[in-house]
Amino acid sequence: MYRIEIYYNKKGELTFAQYDENDNLLGRCHGKNVKKCLDAIKDEKIKTIYPNGKDTATITYNDASVNIHHIDHVTKDPLMKDYLKIIEKKLEQKEERASKVTRKNKYRGPLVFVTTLLVLAFASAIMSGATMAPEAAQNSGKPTSSYSENYDKESKSPDISTDVPIFEAPIVEDDIPEYTFLEYEDRSDEEKLHTASTLYFDKIEKYADMYGLDPELVLALATQERGIHSSEKDAGGATGLMQIQNGIWLDNEVTAYNFNTNSYETVKVTKSKIENVDTNIKIGCMILQDMIHDKDYNILAGVLSYNMGGTNVNKILKKHSEETGISRADILANQNNCDWLKHRGIITVGDKDYVQHVISYMGSDIDTYVIKPNGERVDLSIKNYDVTLNVTR
């Protein structure tokens, strides 16, 4: 007998997972493909519907059982609308029968009464969610159950065989892009960003392209660093728009791959260069590229290194590796897993929220990139956790 689990994963995506009678995962899909899978079973005859724990309902068929978790949220999801209508119809029939039984057996005992209340409560949740407009799903909040955490501990799903049926239909692997979810304030409308863009974006774009960086990312970083160029060294010992640290870089060299010359370029950092806005941006881009390269082209690790320094970020990665058993290489290879950021507290210098502060100037739905010397493009998509899932903290 097949078992199907419908729940929200850690990223807040509606997820459909199918298991065989031996509890082996047959496949998993997300997002819009959940609806495709549910459409395959919508005409099947439901045998029973009953509450199964605090926030779970179980629907049984002849050949499968379907466990729906996070009831308060799932019932508001437009992807579930058609399937919920079927459940609603079944529950209306069950409610009618339960009502008759309760009236007929008024003094039969508490068991029938409690069971009826549970069924009616679930029916109310389903019926309120089934008729809700699609935009209501955006206000449904983040699921609070630990269910998704348990199921998301599994490794990447195996290839899904097209001959594995869900009631005579195959599981369809979702093709939506992967995202990194972070919680941050959206500052993309702030005057500081507009000023930096107006004054410096042409120069930023020139040098970002030269060193294989997303100009929007460099603009956001420059805005977070200072937002406006000055030839004066600030109280923290840094100079210019890109806040080049004098104590670290002055009279030292930085090397980066120059895509204009298709060769590596080494520049000695001097006082006059970091005081000039053009060379300040150029050197800042070279440093950022070098930091990202040092972190195996993990963009967020490179951005944090720009603030904290590569050695300190290595300590964070080491701590995460020791705690999880995941190698440094594997941590950095996964652009969409930023769990390692939770260990930032072990570092006492720099801005622990630097990553969020930088990307906050890029909006709530971000696509950024860096290009390797061989021409390979590394992409990173970020969604604002608060905005996307309407998280209440």
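## A bridge between two strands

In this predicted model, Ala57 has Ile68 of strand β6 as its bridge partner. The two residues belong to a pairing in which strand β5 (residues 57-60) and strand β6 (residues 64-68) run antiparallel and are joined by four bridges; two strands are said to pair if DSSP finds at least two bridges between them. Strands here are DSSP runs of E with at least two residues, and helices are runs of H or I with at least four residues, both numbered from the N terminus.

Strands β5 and β6 belong to an open sheet of six strands, whose order is β3-β2-β1-β6-β5-β4 and whose pairing is mixed. Its edges are formed by β3 (25-30) and β4 (48-51), each of which pairs on one side only. On average, neighbouring strands of the sheet are turned by 15 degrees against each other, with direction ignored.

Helix α1 (residues 32-39) lies across β1 (2-8), β2 (14-19) and β3, and runs at about 125 degrees to β3. Such angles run from 0 to 180 degrees between N-to-C directions, and the axes are lines fitted to C-alpha atoms, for helices over the stretch in contact, where contact means heavy atoms within 4.5 Å.

## The chain as a whole

The chain contains 15 helices and 13 strands. Of its 393 residues, 50% count as buried, a term that stands for under 20% relative accessible area, while exposed stands for over 50% and partly exposed for values in between (1.4 Å probe, protein chains only). Among contacts between residues at least 6 apart in sequence, 61% join residues at least 24 apart.

## Surroundings of Val355

Val355 is found in helix α14 (residues 354-359), and it is buried, with a relative accessible area of 1%. Leaving aside neighbours within four places in sequence, Val355 is in contact with Leu182, Leu300, Leu304 and Leu341. The C-alpha atoms of Val355 and Ala301 are separated by 8.5 Å, although the two residues are 54 residues apart along the chain.

## Aromatic rings and charges

The model has two aromatic pairs, counted where rings of Phe, Tyr and Trp (its six-membered ring) have centres within 6.5 Å; planes under 30 degrees apart count as stacked, over 60 as edge-to-face and the rest as tilted. The rings of Tyr257 and Phe259 have their centres 5.0 Å apart and their planes at 75 degrees, so this pair is edge-to-face. Tyr257 and Tyr264 also form an edge-to-face pair, at 5.1 Å centre to centre and with 80 degrees between the planes. Ring pairs thus link Tyr257, Phe259 and Tyr264 into a cluster, in which Tyr257 counts as buried at 10% relative accessibility, whereas Tyr264 is exposed, with a relative accessible area of 53%.

Two arginines sit over tyrosine rings, by a rule that asks for NZ of Lys or CZ of Arg within 6 Å of the ring centre and within 35 degrees of the ring normal. The charged end of Arg3 is 4.3 Å from the centre of the Tyr19 ring, and Arg377 lies over the face of Tyr369, at 4.0 Å from the ring centre.

## Confidence and conventions

The mean pLDDT, the predictor's confidence in each residue from 0 to 100, is 79 for the chain, and 74% of the residues reach 70 or more. Over residues 106-117 the pLDDT is below 50, and this stretch has four contacts beyond near neighbours in sequence. Residues 127-164 also have a pLDDT below 50, with 70 contacts of that kind in the model.

Local features need pLDDT of at least 70, and side-chain atom pairs count only at pLDDT 80 or more, whereas totals for chains, interfaces and linings use all residues. Residues are numbered from 1 along each chain as its sequence is written, and side-chain values use heavy atoms, with hydrogens and water left out.
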